[in-house]
Amino acid sequence: MSGKRYLGLLGTTIVLALWQLVGMTGVLGPAIAAPVAIIEGLAHDGTAFYGTHLPVTLTSAGVGYFWGNAAAIACAALVLTVPALEKLVLQIGIASACIPLIAIAPILAACFNGPATSAIMAAVSVFFATLVGTVNGLRRADPAGEDLVRAYGGGRVLVLRKVQFLSALPYILTSLKIAVPAALLGTVIGEFMGQERGLGAALVVAQQSSEVVRAWGITLVCSLLAGLAFALVAGVERLVTPWAPSTSGGIA
């Protein structure tokens, strides 16, 4: 194990120890639950509790993640094939990123039922990052490859399909990684709006009932879900684009 990993492990241990101490003593008030108590609460709630709420959140997040990213990639392709629409598409993307989720959630909840609201919130959450990352990747295509396709009579669509999309694939996958926690956050916020099931709805009930340990447990489960999904997409990225070991800078 390298020195950096030792330092990381040491830092994590210190943070957990301090967290446990603060939670046990209550020096910062009753809202801080100790890690041991959170783990015990998770074990107590078990599948009876999370088996009711977890599938609802995962379904809404998955649907929103798929459609939000699909719309972003399609809009990015539209920008490259019809440059006149670039300003309009990017303005829509910026608007989706600038509007606070908590502000549009009540409006969506009034127009749609619970799961649909959460899915739309997830889609809105992922749209902008994937749009920008995909456009950036498409524009980094090799000009020589584009010229070759055009020399054989190919138009913009063929250039997009044969050259630009292959070049943009690492950037698209990096964007999809970034979109994972955003989709989950959007879903949970959507579930705040009067839903009966879902991790967001359960979190609201726990807060209203002053169930501090359960609220921390739900938060921990959401964090673990985001981390696992992020790691899954990262694994797909390494498998599909082994020639691109690092593309984190492609979103900027």
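**The kinked helix and its setting**

In this predicted model, helix α7 bends by about 50 degrees at Leu 169, a kink that lies shortly before the proline Pro 170.

The C-alpha trace spans about 75 × 55 × 30 Å along its principal axes. Of the 252 residues, 40% count as buried. Among contacts with a separation of 6 or more, 75% are accounted for by residues 24 or more positions apart.

Two other helices illustrate packing within this chain. Two packed helices are described by the angle between their axes and the distance between the axes. For helix α4 (residues 101–111) and helix α5 (residues 114–138), the axes come within 10 Å and cross at roughly 145 degrees. The crossing of α4 past α5 is right-handed. On the α4 side, the contact is made by Leu 101, Ile 104, Ala 105, Leu 108 and Ala 109, and on the α5 side by Thr 117, Ile 120, Met 121, Val 124 and Ser 125. By class, the residues of this contact divide into eight nonpolar, two polar and no charged.

Helix α5 also contains Leu 131. This residue has 0% relative accessibility and therefore counts as buried, the limit being under 20%. Leaving aside neighbours within four places in sequence, Leu 131 is in contact with Ala 72, Cys 75, Ala 76, Val 89, Leu 90 and Gly 93. The C-alpha atom of Leu 131 is separated by 9.8 Å from that of Ile 94, a residue 37 residues apart from it along the chain.

A further local feature concerns a loop. Ser 210 is found between α8 (199–208) and α9 (212–240). The phi of Ser 210 is positive, about 60 degrees, although this residue is not a glycine. Ser 210 is classed as exposed because its relative accessible area is 60%, and the cut-off for that class is over 50%. In burial, then, Leu 131 counts as buried, whereas Ser 210 is exposed.

Key:
Residues are numbered from 1 along each chain as its sequence is written. This is a predicted model: local features need pLDDT of at least 70, side-chain atom pairs count only at pLDDT 80 or more; totals for chains, interfaces and linings use all residues. Side-chain values use heavy atoms; hydrogens and water are left out. The bend at a residue is the angle between axes fitted to the seven residues ending there and the seven starting there. Helices (H or I, at least four residues) and strands (E, at least two) are DSSP runs, numbered from the N terminus. Axes are lines fitted to C-alpha atoms, for helices over the stretch in contact, and angles run from 0 to 180 degrees between N-to-C directions. A crossing is left-handed if the near helix is turned anticlockwise from the far one by less than a right angle, and right-handed if clockwise. Contact means heavy atoms within 4.5 Å. Ala, Val, Leu, Ile, Met, Phe, Trp, Tyr, Cys and Pro count as nonpolar, Asp, Glu, Lys and Arg as charged, and the others, Gly among them, as polar. Buried means under 20% relative accessible area, exposed over 50%, partly exposed in between (1.4 Å probe, protein chains only).
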